[in-house]
Amino acid sequence: MKSVLALDEGTTGATGLVVSEDGAVLGRGYREFTQFFPEPGWVEHDAEEIFKVTLEAGREAIAQSGVTPTAIGITNQRETVVVWDRSSGKPLHRALVWQDRRTAERCRELKAEFGSEFLSARTGLTWDPYFSATKIEWLVRNVPEVAAGIAKGEVLVGTIDAWLIWRLTNGRTFATDHSNASRTMLYNLESRAWDPELLELFGVPEESLPSVGNSSGWLGDCAAEYFGTEIPIAGVAGDQQAALYGQGCWTPGKAKCTYGTGAFLLFPTADIPDSNAAATGLLTTVACAADGSPTYAVEGSVFIAGAAIQWLRDGLGLIADAAETEKMARTVLDTGGVYFVPAFVGLGAPHWEADARGTIVGITRGTSREHIVRAGLEAMAYGVRELLDAVVGSVGLELSELRVDGGAAANGWLMQFQADILDVTVLRPDLVETTALGAAGLAGIATGVWDNPEHFIQSRTYTSFTPNADNVTGYEGWQRAVATTLHWARYDG
């Protein structure tokens with residue numbers, strides 16, 4: 001039986017899945033890696049550690065499966081930037097993570113100088129440190145070794161997918177796909193290529209960037225030393241676009257939300273949406289059509305979702321394991337008036353306030369850890385509700401059901417609350433690791449593991465959460481809490 005190794009390199013860990021042609025997961029591996037916070041609002045990763053744990057996760061999955069995969073598919077945290085020496089392969093600085101806020105002031109300067117339309121018309125994005133370009137500019141301006149190497153043509157710059165492909169092929173392939181390129185702030189949506197004007201603005205020579213291709217197709221061969229035999233790399237997509245593909249959401253009218261470190265709501269569109277999307281804080285991004293070629297999607301991003309639960313565990317010690325949260329939420333009738341806005345690294349859509357920080361309001365002497373934990377879960381659902389309201393209001397896309405995935409989607413209480421607060425049916429697949437499945441599908445379609453996209457998704461089954469409007473309370477309180485967070489960020493006395 002044919003199979004694909006999916007390598008899912010996320011924000012806090014790397015997962016390897018071996019997926020057979022009948023849709024079964026034959027093997028799984030997982031490794032966490034280190035998060036670095038050198039200053040408030042700064043987030044960094046060690047690119048070498050990421051490569052190491054990705055290999056370990058993949059090897060574990062292959063060993064558990066007992067098979068040799070036909071192909072490799074890669075999906076990754078987007079916007080995170082790696083710079084490395086072309087000759088030695090040595091990273092010249094820690095990777096700057098998508099959550100990193102160090103270029104917030106630079107983004108304000110650029111917005112004041114060029115205006116919002118200048119960027120949104122070209123890239124579908126907004127001036128925010130979330131995206132890659134200002135991170136690259138910061139590295140060039142602040143790391144002498146990077147500046148010197150860029151000037152000499154000796155430095156390569158890429159998102160995590162490009163770094164992994166380059167390492168796995170031992171430097172024979174330096175490539176990315178349209179979905180990842182569209183998140184850099186350097187890619188033109190209409191030409192589907194690097195934008196010369198933006199490259200000049202940020203001081204990034206095109207020869208330092210990877211070539212851009214389709215998400216499904218041969219990208220090079222992973223060297224035999226890594227997984228025991230040479231295996232073609234045949235699929236790559238940014239994590240949210242991979243999840244969209246893994247859910248079978250290839251055409252307008254379907255949508256998915258991934259609950260991982262953040263929460264990401266994507267609606268496929270046939271063409272580039274008009275400017276109304278950008279005006280309400282939504283992004284336009286490149287997604288994957290059924291055959292892996294580029295298409296478009298409207299996207300809303302909540303920067304912190306599952307990471308808030310991780311913080312309740314690691315930062316406050318309120319829980320020992322994320323799985324506890326479902327039971328704890330059911331032990332209280334509500335949050336006791338507590339609202340949690342986990343803006344640890346700013347607020348994404350629809351507010352785009354880089355200086356916002358986490359806020360918990362409504363605490364009394366009667367507040368328990370169960371109330372705070374439930375408020376953390378509710379925050380995810382409320383954030384997604386904000387995104388959906390923006391999509392319906394600006395683009396006019398209607399939603400009858402929402403497909404969900406990601407680690408937090410395993411929480412049945414949260415998914416029911418999400419259905420209630422949206423007033424739409426929520427469908428959770430049998431396997432919530434849809435991001436990795438999407439990468440597997442893109443690689444498998446290109447190498448004949450699956451005859452066609454429908455064959456790839458035909459084995460999926462779903463649990464349905466039907467909305468109960470009578471259970472909906474608290475959204476107005478949440479909006480008040482967000483307003484409080486925004487006021488704190490913007491108040492200057």
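These legends walk through several close-up views of a predicted model.

Local features here need pLDDT of at least 70 and side-chain atom pairs count only at pLDDT 80 or more, while totals for chains, interfaces and linings use all residues. Residues are numbered from 1 along each chain as its sequence is written, and side-chain values use heavy atoms, with hydrogens and water left out.

**View 1**
Let us begin with strand S8, residues 155-159, where five of the five residues are buried (under 20% relative accessible area, with exposed meaning over 50% and partly exposed in between, using a 1.4 Å probe and protein chains only). Strands (E, at least two residues) and helices (H or I, at least four residues) are DSSP runs, numbered from the N terminus. Val 155, Val 157 and Thr 159 point one way from S8, while Leu 156 and Gly 158 point the other way. Strand S6, residues 81-85, runs antiparallel to S8, and five bridges join them; two strands pair if DSSP finds at least two bridges between them. Among the partners to look for, Trp 84 is bridged to Leu 156 in S8.

On a 1 Å grid over the protein atoms alone, a cavity is a set of points where a 1.4 Å probe fits but cannot get out; a pocket is an open set with protein on both sides within 12 Å along at least five of seven lines, and lining residues have an atom within 4 Å of a point. Grid points are joined across faces, edges and corners, and a volume is the space filled by probe spheres set on the points. Of the 14 lining residues, Gly 158, Thr 159, Thr 184, Trp 194 and Leu 209 lie nearest the centre of this cavity. S8 and helix H7 (178-181) are the elements that give two or more residues to the lining, and S8 gives the most, with three. By class, the lining has eight nonpolar, six polar and no charged residues. For these classes, Ala, Val, Leu, Ile, Met, Phe, Trp, Tyr, Cys and Pro count as nonpolar, Asp, Glu, Lys and Arg as charged, and the others, Gly among them, as polar.

**View 1. Thr 176 in strand S9.**
Look for Thr 176 in strand S9, residues 175-177. Thr 176 is buried, with a relative accessible area of 2%. Leaving aside neighbours within four places in sequence, Thr 176 is in contact with residues including Thr 159, Trp 194 and Pro 210, where contact means heavy atoms within 4.5 Å.

Strand S17, residues 283-288, has six of its six residues buried. Leu 283, Thr 285 and Ala 287 lie on one side of S17, with Thr 284, Val 286 and Cys 288 on the other. Six bridges join S17 to S18, and the two strands run antiparallel. Val 286 stands opposite Tyr 296 in S18. Five residues lie between the strands of this hairpin, in which Gly 292 takes a positive phi near 90 degrees.

**View 2. Ser 216 in strand S13.**
Ser 216 belongs to strand S13, residues 216-222, and is buried, with a relative accessible area of 15%. The side chain of Ser 216 reaches the backbone oxygen of Leu 442 at 2.6 Å.

**View 3. The largest cavity.**
This cavity holds about 160 Å³ of space. It is lined by 18 residues, and Val 302, Ile 304, Leu 347, Gly 383 and Trp 478 are the closest to its centre. Strand S18 (294-302), helix H14 (369-394) and helix H18 (475-490) each give two or more residues to the lining, with the largest share, four residues, coming from H14. The lining has twelve nonpolar, five polar and one charged residues.

**View 4. The largest pocket.**
We finish at an open space of about 1,200 Å³. Tyr 259, Gly 260, Gly 406, Gly 407 and Ala 408 are the closest to the centre of this pocket, among 45 lining residues. H12 gives the most to the lining, with five residues. The lining divides into 15 nonpolar, 19 polar and eleven charged residues.

Note on methods:
A polar contact is a pair of N or O atoms within 3.5 Å; within protein, one must be able to donate a hydrogen and the other to accept it, and residues adjacent in sequence count only if both atoms are side-chain atoms.
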